[in-house]
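Keep the viewer open and try each task before you look at the solution.

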Amino acid sequence: MGTPHSAQFSQIDSIDLVLRTAREKFLVRPEKETRLWVKNSQGSFERLCNTRVTVLDAALKSGQLVVMEIRSKDGAWPSAQPQAGNNASKEDEDFQGQPGICGLTNLGNTCFMNSALQCLSNVPQLTEYFLKNRYLEELNFCNPLGMKGEIAEAYADLVKQAWSGNHRSIVPRVFKTKVGHFASQFLGYQQHDSQELLSFLLDGLHEDLNRIKKKEYVELCDAAGRPDHEVAQEAWQNHKRRNDSVIVDTFHGLFKSTLVCPDCGNVSVTFDPFCYLSVPLPVRHKRVMEVFFVSMDPRRKPEQHRLVVPQKGKISDLCVALAKHTGVSPERMMVADVFSHRFYKIYQLEESLSGILDRDDIFIYEVSGRSAICENSREDVVLPIYLRERTPARDYNNSYYGLMLFGHPLLVSVPRDRLSWDSLYHILLYRLSRYVTRPSLDDEDDGNEKANMAAKDSIPKPGHLAACSSQNLGPEQAGPSSGVPGGRRAPVNNSPGPSHWPPRARRKHLFTLQTVNSNGTSDRSNFNEDTHGVSSSSQPYIAIDWEPEMKKRYYNEVEAEGYVKHDCVGYVLKKAPVRLRECIELFTNMETLEKENPWFCPSCKQPQLATKKLDLWKLPETLIIHLKRFSYSRFSREKLDTLVEFPLRDLDFSEFVKAQNESASEVYKYDLIAVSNHYGGLRDGHYTAFACNKDSGQWHYFDDSTVLPVNENEIESKAAYVLFYQRQDVARRAQPQPDSSDPLAPPACGQPPNSEFMDVN
């Protein structure tokens, strides 16, 4: 801190006069940027942000200490730099690189913010606006919709550091704190959407830099039969009466919205401003699903198949697609979702495929052609089969055993005339024969004695089985080894079962059979003595219970988990690339409003499902195009990884703009200047950016703190998410006229740079 100076001011003098006086006394050069702090009664310093207020309004008192801070040559304020940052190496202090080629440190899942900032930082006219301090005259500290100028100042600090040429990368911690303070959704360190952050930032910058200090009330008027150009001009003027900032000058355009009532034919035409275009991607009509086919032939391993089905198809379409690969009739298939060794859901043929997510494990089982799940049917019965292993439970005296599910469940067709425990045992032994070894005669006798002694108390006596609710758990369910995970989705029981079972045979060879519920658990208290057998009218699920010794001896786990891949698994559904023009055409197509969002017709005086059409009327200097890659529905959320082909130069909007200006064709042609990329899925994505440096004309790849030069042919990819285009006439106006004798004149971003004179970090 330098030698203090004293000065006298009137209470009606402005803070700007105090700042100019301080600059004169401390001999600060005109190009240096300064700001004032005042020391309060508690000994801490507060910013004097608004230099247009008076000394009286700022509550300054006689003898109060005012400190002037000078921005460093690297674009940072000394007060904003942490003490640890003062220990930077001499190499970093002397670093001098290309302005704008500066990375942003990832603070923890802040790649979405870094990507948006890099794109916005490479919009030439906006960056020049901040670098030349034109924003200082337009800071709006009293806008109730703004953020007291703090977002604009934080962004300005970031731009000045990035374009100082003195940093390889900077830490945007102050900016991140400001954003979280004014937008709570960005608090913390969760992953967010770069387009959502960009939308907030543009709106915040606009309100902080709005030249309209007091917004007047503006009544929106309908066209009422007037010419479009007259209504559009009125709408734009009304918009500018309340919104006038560098953001409006740079990014705002005008829509033409046409609504037609289906009843009375009333046409409503309005013109609305926009800041960016959110264009849809053409929806794919086909979907690729991976399933496992389980044959009735026990010798065949499960087969993995990759099937192409209609996007809005049904379960029956999935079976038809599989039938083409297996030769098995769709009528002999049952589809189930397997989760944690049990059936989460057994689907009906009429159900929609939209309820199945890509991450679900779908098994399709072959059943007999005359199978049915109806209890009163005379056909075969399909029984869901679970595998369980008896394991010691964590009890004080290890007095009882728990049962843990393992392996893959089965759907087995059983003739109704063979619904006895002994017959079912042999049917299941046959179905498991690929990975269950049959005991020899000596092993069978020895095994029977051991199995019967061990299972004497566990095999329920023949009797009547009442319905077992999953909420009423017996001792087997309560144990930690029951195999029912807590906090996960509960299975859905869609299969009714047979009403009567003949008495069960006591003597079992390798395993015992138990009637269970859809969770794979059972309650012993529900078993009662009865001479008519076991009834399971609401519980068709059967569990195969293994003793650990018998399972280890006769059950081959490696073989049980084995499967083969069908040739179709190697096939890849070729996704035809989509041109950006198609997305824009889809955006401007006519659509009918949904029932949840009707339009109130002023003529009919009632809500109507009107037809709506959006057209582009006025295009901004810098056009932001958001590709709607994330699709949300009632049952699923997915990311569309379709390749969108977009031009780097000469994107022509002349056929989409309704207000034609034939004298200036350049106002419809755009060149690409930046791209925000998103890699990965919904939960674990990563954001990066491509941007064209306004000074060198060279494209660079920004991945947090890493910055690398790239070729133009690397920019177009499936990861492209937000595109930034600059109008060609604006680019030519902003570019300084090169001297014919100056070989180092920078090329425009639409022109390939001359590598001979390019200095790349």
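**Getting oriented**

Among the contacts (heavy atoms within 4.5 Å) in the chain with a separation of 6 or more, 74% join residues 24 or more positions apart. This is a predicted model, in which local features need pLDDT of at least 70 and side-chain atom pairs count only at pLDDT 80 or more, while totals for chains, interfaces and linings use all residues. Residues are numbered from 1 along each chain as its sequence is written, and side-chain values use heavy atoms, with hydrogens and water left out.

**Exercise 1. Find how many helices and strands the chain has, and what share of its residues is buried.**

Step 1. Helices (H or I, at least four residues) and strands (E, at least two) are DSSP runs, numbered from the N terminus. The chain has 17 helices and 36 strands.

Step 2. Buried means under 20% relative accessible area, exposed over 50%, and partly exposed in between (1.4 Å probe, protein chains only). By that rule, 49% of the 761 residues count as buried.

**Exercise 2. Work out the order of the open sheet that four strands form, and say which strands stand at its edges.**

Step 1. Two strands pair if DSSP finds at least two bridges between them. The order here is β7-β6-β26-β23, with antiparallel pairing.

Step 2. β7 (267-274) and β23 (591-592) each have a single partner strand, so one side of each is left without a neighbour in the sheet.

Step 3. Now look at β6 (residues 253-260) and β26 (residues 611-618): seven bridges join them in the antiparallel sense. Here V260 stands opposite T611 of β26.

Step 4. Axes are lines fitted to C-alpha atoms, for helices over the stretch in contact, and angles run from 0 to 180 degrees between N-to-C directions.

**Exercise 3. Describe how helices α5 and α7 pack.**

Step 1. The axes of α5 (residues 150-162) and α7 (residues 194-208) are 8 Å apart, at an angle of about 110°.

Step 2. Angles under 35 degrees count as roughly parallel, over 145 as roughly antiparallel, 65 to 115 as roughly perpendicular and the rest as oblique. The two helices, α5 and α7, are therefore roughly perpendicular to each other.

Step 3. On the α5 side, the contact is made by E150, I151, A152 and Y155, and on the α7 side by F200, L201, G204, L205 and D208.

Step 4. Sort these residues: Ala, Val, Leu, Ile, Met, Phe, Trp, Tyr, Cys and Pro count as nonpolar, Asp, Glu, Lys and Arg as charged, and the others, Gly among them, as polar. The contact of α5 with α7 has six nonpolar residues, one polar and two charged.

**Exercise 4. Is strand β20 buried or exposed, and which strands pair with it?**

Step 1. In β20 (residues 541-546), six of the six residues are buried, so the strand is largely enclosed by the rest of the structure.

Step 2. Y541, A543 and D545 point one way, I542, I544 and W546 the other way, and all are buried.

Step 3. β15 (residues 380-392) runs parallel to β20 and is joined to it by five bridges; Y386 has A543 as its bridge partner.

Step 4. β18 (residues 511-516) pairs with β20 in the antiparallel sense over six bridges, and T515 has I542 as its bridge partner.
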